[in-house]
Each structure stands twice: as structure tokens, then as C-alpha cells.
Amino acid sequence: MTIRTRFAPSPTGLLHVGGARTALFNYLFARHHGGEYLLRIEDTDRARSTPEAVQVILDGLDWLGLSPDQEPVFQSTRETRHTEVAHSLLERGMAYRCFLSPEELQAQRDQAAADKRPLRIVSPWRDRDLSEAPSGIAPVIRLRVPQEGETVVDDLVQGPVRVANAELDDMIILRSDGTPTYLHAVVVDDHDMAITHVIRGDDHLTNTFRQVQIFKALGWDLPRFAHIPLIHGADGAKLSKRHGAVSVLEFEREGFLPEALCNYLLRLGWGHGDAEILSRDEQVALFDLDGVGRAASRMDYAKLTHLNGVYLREADDQRLTTDLCRRLDLSPDSDASERIMRLMPKLKERARTLVDLAESARFIIERPSGPKDAKAAALLSDEARGWLRALLPQLQATDFSAAAVDQALRTFAEEHGLKLGQIAQPLRVALTGGTTSPPIDATLEALGASEVTSRIEAV
């Protein structure tokens with residue numbers, strides 16, 4: 001049997017981190033077992049599903065490296081098949097036409113509220129003769145759910161979970177306008193796509209009991225189910241915008257690397273000993289559902305940011321330079337781009353995000369108009385400016401390699417009875433406007449003789 005998983009988002013909003021982690025778990029599980037990972041766009045909500053929202057999902061998955069093995073399946077294109085299956089259940093007596101009026105439904109809701117009990121729709125049409133059906137009313141089609149016994153889901157994460165059938169009502173599988181409901185469409189699609197494992201958030205567990213009943217009514221083999229606990233904010237509340245970035249593309253804009261986000265989301269609810277940082281190949285080799293915990297996870301943005309810094313320091317310099325050129329609106333063929341590339345090994349040492357990295361590189365393309373703050377201004381005293389004026393000819397006499405300018409700085413400091421920092425810090429302010437930068441020798445080498453001369457002369 002070929003393992004087949006699917007990620008099935010609704011294109012009614014952005015791809016959030018919870019969905020991204022679900023996609024990641026589906027991807028890794030399929031890869032670990034040598035199977036296939038598929039994508040289904042559940043776009044039956046015509047009013048809210050837009051091509052732009054679909055593209056956001058596809059872009060987010062592509063950025064994460066989680067593109068599916070086949071072209072996406074769009075649920076909206078399969079309505080005829082969903083309807084056909086619903087009518088087959090009707091023909092076999094596993095479903096029935098229901099003519100409950102809105103007024104009758106509201107009366108049941110009101111009674112449930114008065115009795116302080118959950119609403120369970122009871123249709124008099126379950127066993128009623130259709131000759132008594134009112135004219136002019138289009139019926140819905142309801143599944144004829146067993147009224148005794150229980151429905152059990154042997155969940156691969158939660159363990160055996162059960163519900164008494166008496167607690168479940170006869171769900172609608174086809175609306176009065178002939179369109180299929182979500183619960184019914186999902187079952188038909190999972191069957192037709194030969195999905196063997198349904199891995200999704202545990203907020204779908206109630207849906208699963210109902211979907212199991214549809215599978216059984218159709219006589220189809222059940223997939224295995226695995227319900228993953230949700231991701232909460234640090235305060236334990238449902239993750240929302242107030243906690244920080246939520247959508248995948250927000251994390252991209254805020255300068256996170258996709259591999260860092262994936263590594264973090266993997267460890268958010270799954271563990272393998274003390275392993276923290278895992279390559280994609282290691283993730284595939286190690287991941288299985290027995291490592292998924294049952295408790296909700298809490299999003300820790302500080303930990304993610306730290307992890308991102310680790311990945312930045314290991315990232316390819318050309319890749320980072322290309323990203324910075326995009327963020328700084330800089331031509332990749334420009335002299336400034338070349339300077340950034342030369343300085344990248346030092347720039348990335350302190351950066352935590354690509355946004356940090358871009359800001360730390362901004363001085364390369366934008367000459368400082370002056371000290372950025374009072375601390376930097378204090379370093380450019382009249383005495384310090386005099387030292388810089390005297391230092392410039394000695395720098396110009398070098399080949400502007402890091403080793404050569406380092407030696408020139410040390411020699412100058414020794415000749416004038418200064419500590420190295422007393423000349424390096426004013427020089428740093430002159431070149432960058434601030435008090436922090438990559439090592440001063442590397443900064444001088446990256447900027448080059450002409451640019452260094454212009455910036456020192458400006459102060």
C-alpha cells in the first residue's frame with residue numbers, strides 16, 4: 001500500500017502557522033514512508049474563496065518547500081461526483097429526503113436551549129412516507145445515522161476516541177439547492193484520492209466522527225486519522241495577530257528563513273530525544289506520528305528568532321545577498337551588492353532575521369548623513385576628527401585588504417599613544433553613522449578606498 005497524505009486548506013484567508021505545521025507533518029510522514037503528499041483546495045465557499053487566496057496558499061507552501069507531488073485538486077470542480085455519491089446513498093436507503101421547515105428547525109433549537117442541552121436535530125422524515133411530503137419545498141438529503149452503539153476512532157495521536165451514536169444527528173450531505181456539504185465532500189474526495197492517512201488539527205475531531213459514518217455507509221475503507229493539537233499563543237489563548245506574525249508570508253516579510261520556520265514548527269508538538277536543529281533529510285528520516293504530543297503547543301517567538309539566527313549563520317552568502325538586494329531595492333549587479341557579498345560572512349554573525357541583516361547592511365549603500373544618536377555623536381569629538389584626518393593618508397597607502405588596514409590602524413594607534421578602540425570607534429561612526437558594525441577591518445575592505453575616503457573626508 002502506498003501511503004498518501006493530503007493537506008486540505010480552505011482559501012478563505014491566509015496560510016497560517018497552524019496550517020503550515022499540518023502541511024509539514026503531512027509532507028514528512030509521506031516522505032518518511034516513501035509515499036505521496038497531495039494538496040486539495042477546499043474552495044466550496046464560493047463567496048469567500050478567491051484566486052488570490054489560492055495563490056497565497058500556493059506561494060506559502062512553495063516558500064516552505066512543501067509543494068505537493070501532484071497538481072492541486074480543487075474541491076469545487078468535483079460537485080457532480082459529490083452529488084452522485086449522495087444519491088447512491090439515497091437509493092440504497094442509507095440516506096433520506098428531509099422536508100423540515102425553517103420554523104420546525106428553529107423550534108428544535110429553542111427547545112434545546114430551554115432544556116440546556118446540545119442541539120441534536122431529530123427529523124420526522126427519517127421514516128416518514130414521502131407521499132406526505134409538502135409541495136413546493138426542496139428537501140435536503142440527510143445521512144441515516146445509526147442510533148445505537150458508538151462510533152470509535154482509533155486516532156494515531158489521541159488514541160481511541162469514541163462517541164455514542166445517540167449524541168449525533170442525521171447530518172445533511174446534500175443541501176436543498178443540490179450542493180454538497182463540507183463533511184460529505186471531504187469523504188468522497190479522500191476516497192477518490194486514495195488518501196490513507198488524514199493528518200489534521202484536533203479541532204476537526206468532531207467532524208471525524210461524522211465522516212467515519214459516511215465512510216461506513218458507503219462501504220469504503222477508512223483512512224487512518226491523526227489529530228494534532230493546536231498552536232496557542234504564549235498566554236495559552238488561541239493564536240492571533242496580537243501574539244505576533246501568524247501567516248506564513250508575514251514570517252517571510254519579517255525576515256525568517258523557511259527552513260528555520262519549518263524546523264521550529266516541527267519541534268512545536270513533535271520531539272525526538274534532544275534533537276533541536278534538523279535538516280530536511282534528517283526530519284524525513286526521523287519523523288513519525290508516535291513523536292507527536294497530545295497537548296497544545298505554545299508559540300515562542302523569541303525561540304523562533306534565536307533559531308532563525310542559527311540558520312542565518314549557516315546560510316549561503318550569495319542567497320542572503322540576493323535576498324538583501326530585494327529588500328533594499330538594490331540591483332544584484334551593482335557595486336553595493338558586491339560589497340554586501342564581501343561583507344556577508346561578518347554581517348550575518350549578529351543578525352537574527354533578514355530584516356536585521358538588511359538594516360545592518362544599509363550603511364553600505366547609504367552614506368550616513370551624520371551620527372545616528374548621541375552616543376555616536378560623542379565619539380566624533382574634535383580630537384577624534386583630527387585623528388581621522390591624520391589616519392586617512394596611512395589608510396590610502398594600503399591595498400585596502402583587511403589585513404593591511406588592520407595593521408595600519410594598529411600602527412597609527414601605537415604611534416599616537418592610543419588604544420585601538422579610540423581610533424576604531426570614531427572611524428566606525430564616520431563610515432556607518434553608528435557604533436556597531438562588522439569588524440572595522442572587514443568594513444573598510446568591503447567599502448573600498450574611494451568610498452572610505454569620501455566618508456572620512458565628510459566628517
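1. How far apart are the mean positions of the positive and negative charges of the chain? They sit 4 Å apart, with 54 positive and 68 negative charges counted. Keep in mind as you read on that this is a predicted model.

2. On overall shape, the C-alpha trace spans about 110 × 45 × 40 Å along its principal axes.

3. As for what the chain is built from, you'll find 18 helices and 12 strands.

4. Buried residues account for 49% of the 459 in the chain. The chain exposes about 21,800 Å², and carbon and sulfur atoms supply 49% of that area.

5. You'll spot it in helix H12, which covers residues 335-347. Is leucine 347 buried or exposed? Its relative accessible area is 5%, so leucine 347 counts as buried, the cut-off being under 20%.

6. Who are the neighbours of leucine 347? Leaving aside residues up to four places away in sequence, leucine 347 touches Ile340, Leu357, Ser360, Ala361, Ile364 and Pro438. Take serine 360, one of these: it lies 13 residues from leucine 347 along the chain, and the two C-alpha atoms are separated by 7.0 Å.

Definitions and conventions:
Residues are numbered from 1 along each chain as its sequence is written. This is a predicted model: local features need pLDDT of at least 70, side-chain atom pairs count only at pLDDT 80 or more; totals for chains, interfaces and linings use all residues. Side-chain values use heavy atoms; hydrogens and water are left out. Helices (H or I, at least four residues) and strands (E, at least two) are DSSP runs, numbered from the N terminus. Buried means under 20% relative accessible area, exposed over 50%, partly exposed in between (1.4 Å probe, protein chains only). Contact means heavy atoms within 4.5 Å. Accessible areas come from the Shrake-Rupley method with a 1.4 Å probe; for residues, only the protein chains shown count as cover. Lys and Arg count as positive and Asp and Glu as negative; His and the chain ends are not counted. The place of a charge is taken as NZ of Lys, CZ of Arg, CG of Asp or CD of Glu.
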